[in-house]
Amino acid sequence: MSRKEAVGLIEAIGLATAIEAADAAVKSANVRLLGYEACRGDGMSTIKVVGDIGAVKAAVEAATAACAKGRGCFTSIVIARPSEDIEKLIYNSQTVGYTLPEEPEAEVAIQEKREETEEE
């Protein structure tokens, strides 16, 4: 599962601030909103955007500026091409709004189970 897209992470303080930051990010540049992940403690949420490096940098800057209208931005970062080793930290089931791709083997097993129950 190799991705060549850059990833932008914005850690906003407060959900309303995070939503405003996500809105600013996707409106300011050609990026896709991957979703947000609720952090433990201090009411922080991490916004995740993906796209080409220039667009992600612009989106993160816009989102950081938008955070200033709310409770603020704790930190932000742009990763140009994330290593395959850390992709599971970015693309995971904890990200609200992101759906993990189904494993082909799992889909086959589900279909086989359906067929077995239909035969009975």
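The model is predicted: local features need pLDDT of at least 70, side-chain atom pairs count only at pLDDT 80 or more, and totals for chains, interfaces and linings use all residues. Residues are numbered from 1 along each chain as its sequence is written, and side-chain values use heavy atoms, with hydrogens and water left out. Helices (H or I, at least four residues) and strands (E, at least two) are DSSP runs, numbered from the N terminus.

**Helix α2**
- Helix α2 spans residues 53-67, 15 residues in total.
- From first C-alpha to last, α2 reaches 21 Å, close to the 21 Å expected at 1.5 Å a residue; the expected span is 1.5 Å times one less than the number of residues.
- Ala55, Val56, Ala59, Val60, Ala63, Ala66 and Cys67 of α2 are buried (under 20% relative accessible area; exposed is over 50%, partly exposed in between; 1.4 Å probe, protein chains only).
- An α-helix has 3.6 residues a turn, so residues three or four places apart point the same way.
- On the other side of α2, Glu61 and Ala65 are exposed.
- The cover over the buried residues of α2 includes β1 (6-13), α1 (15-28), β3 (44-51) and β4 (73-79).
- Asp52 caps the N-terminal end of α2, with a side-chain oxygen 3.2 Å from the backbone nitrogen of Gly54.

**α1 against α2**
- The axes of α1 and α2 come within 7 Å and cross at roughly 145°. Axes are lines fitted to C-alpha atoms, for helices over the stretch in contact, and angles run from 0 to 180 degrees between N-to-C directions.
- From α1, the contact uses Thr17, Glu20, Ala21, Ala24, Ala25 and Ser28; from α2, it uses Ala58, Ala59, Ala62, Ala63, Ala66 and Cys67. Contact means heavy atoms within 4.5 Å.

**Ala16 and Ser45**
- Ala16 lies in helix α1 and is exposed, with a relative accessible area of 60%.
- Ser45 sits in strand β3 and counts as buried at 4% relative accessibility.
- The C-alpha atoms of Ala16 and Ser45 are separated by 9.5 Å, with the residues 29 apart along the chain.
- Leaving aside neighbours within four places in sequence, Ser45 has contacts including Ile10, Leu15, Ala18 and Tyr36.

**Asn92**
- Asn92 is in the loop between α3 (87-90) and α4 (104-119).
- Asn92 counts as buried, at 14% relative accessibility.

How values were computed: Polar contact = N/O pair within 3.5 Å; in protein donor to acceptor, adjacent residues only side chain to side chain.
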